[in-house]
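Please read this briefing beside the sequence and the three-dimensional view.

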Amino acid sequence: MTYTLRHQTLRPHQSLASCTYPLDEETSSYHVGAFLQQDLIGVGSLFREAQDGSTNSTSWRIRGMAVLDSAQGQGVGGHILQTLINYASKQELPCAIWCNGRSTAQGFYTRFGFTQHGPIFDLPPIGPHVLLVKTITSKII
Ligand SMILES: CC(C)(COP(=O)(O)OP(=O)(O)OC[C@H]1O[C@@H](n2cnc3c(N)ncnc32)[C@H](O)[C@@H]1OP(=O)(O)O)[C@@H](O)C(=O)NCCC(=O)NCCS
């Protein structure tokens, strides 16, 4: 279900296989799903990954933030993102959460305290992205 939602929302013109991420199955990875009745309508994942691709206990990478088209703009994505942030805040601190966010979604991340680092860059075939980072120094209850 997660892969299908990622595919529909994030990579409809790519293969379903492109919607699996290398750290999906790692025990340190944390996945959040939002359901309406029995239906999965939103997902987001947190991976222990530094910006250079190495695993790192104080760096978390957000990937696969996706809310079904029909459920967007109603707080679902924000709730998922806040849940990921809260989880990271309960692990080793201080920590940094980062993502290569789509330029079109930058405002979503800045709404939750992420800031842009560096210039906009292209990630074919999707398009312009930006590195967004949030540092957490204390536990969020
Ligand atoms: C980006 C996405 C995950 C946001 O989820 P959502 O459920 O639509 O967002 P919410 O309704 O929870 O919005 C939370 C806040 O972020 C803001 N926001 C949401 N999407 C935004 C966007 N694209 N640009 C700017 N602000 C945005 C909302 O206005 C809201 O702010 P408010 O609380 O001040 O009103 C969702 O729209 C989505 O899946 N989009 C398509 C895929 C995508 O781009 N994913 C991100 C990949 S990096």
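The model is predicted. An open sheet of 6 strands runs in the order E1-E2-E3-E4-E6-E5 with mixed pairing, and helix H1, residues 2–10, packs on this sheet. By the ring-pairing rule there are 6 aromatic pairs, and two arginines, Arg63 and Arg111, are placed over aromatic rings.

**The sheet and its helix**

- Strand E1 (30–36) and strand E5 (115–123) stand at the edges of the sheet, and because each has a single partner strand, one side of each is left without a neighbour in the sheet.
- With direction ignored, neighbouring strands of the sheet are turned against each other by 20 degrees on average.
- Helix H1 touches E1, strand E2 (39–48), E3 and E4, and its direction makes about 95 degrees with that of E2.
- Strands of a sheet pair through backbone hydrogen bonds, in either a parallel or an antiparallel manner.
- Strand E4 (residues 95–102) pairs with strand E6 (residues 127–136) in the antiparallel sense, over 8 bridges, and within this pairing the bridge partner of Cys99 in E6 is Leu132.

**Aromatic rings**

- A pair of aromatic rings is described by the distance between the centres and the angle between the planes.
- Among the 6 aromatic pairs is the one formed by Trp60 and Tyr87, which is edge-to-face, with 5.9 Å from centre to centre and 80 degrees between the planes.
- This pair links distant parts of the chain, since Trp60 belongs to strand E3 (residues 59–67) and Tyr87 to helix H2 (residues 76–89), 27 residues apart.
- Trp60 counts as buried because its relative accessibility is 0%, whereas Tyr87, with a relative accessible area of 24%, is partly exposed.
- Phe108, Tyr109, Phe112 and Phe114 are linked by ring pairs into a cluster.

**Charges over rings**

- Arg63 lies over the face of Tyr21, at 4.0 Å from the ring centre.
- The charged end of Arg111 sits over the ring of Phe112, 5.5 Å from its centre, and Phe112 is also one of the residues in the aromatic cluster.

**Ser45**

- Ser45 lies in strand E2 and is buried, because its relative accessible area of 2% falls under the 20% cut-off.
- The side chain of Ser45 makes a polar contact of 3.2 Å with the side chain of Arg6.
- Leaving aside neighbours within four places in sequence, Ser45 is in contact with Arg6, Tyr30, His31, Arg61, Ile62, Arg63 and Leu84; in this list, Arg63 is the residue that lies over the face of Tyr21.

**Gly77**

- Gly77 lies in helix H2 and counts as buried, at 12% relative accessibility.
- Not counting residues up to four places away in sequence, Gly77 touches Met65, Val67 and Phe108, and Phe108 is in turn part of the ring cluster.
- The C-alpha atoms of Gly77 and Ile41 are separated by 9.5 Å, although these residues are 36 residues apart along the chain.

**His13**

- His13 lies in the loop between H1 and E1 and counts as exposed, because its relative accessibility of 79% is over the 50% cut-off.
- From C-alpha to C-alpha, His13 and Ile126 are 9.2 Å apart in space, while in sequence they are 113 residues apart.

Technical notes: Residues are numbered from 1 along each chain as its sequence is written. This is a predicted model: local features need pLDDT of at least 70, side-chain atom pairs count only at pLDDT 80 or more; totals for chains, interfaces and linings use all residues. Side-chain values use heavy atoms; hydrogens and water are left out. Rings of Phe, Tyr and Trp (its six-membered ring) pair if their centres lie within 6.5 Å; planes under 30 degrees apart count as stacked, over 60 as edge-to-face and the rest as tilted. Helices (H or I, at least four residues) and strands (E, at least two) are DSSP runs, numbered from the N terminus. Buried means under 20% relative accessible area, exposed over 50%, partly exposed in between (1.4 Å probe, protein chains only). A charge sits over a ring if NZ of Lys or CZ of Arg is within 6 Å of the ring centre and within 35 degrees of the ring normal. Two strands pair if DSSP finds at least two bridges between them. Axes are lines fitted to C-alpha atoms, for helices over the stretch in contact, and angles run from 0 to 180 degrees between N-to-C directions. Contact means heavy atoms within 4.5 Å. A polar contact is a pair of N or O atoms within 3.5 Å; within protein, one must be able to donate a hydrogen and the other to accept it, and residues adjacent in sequence count only if both atoms are side-chain atoms.
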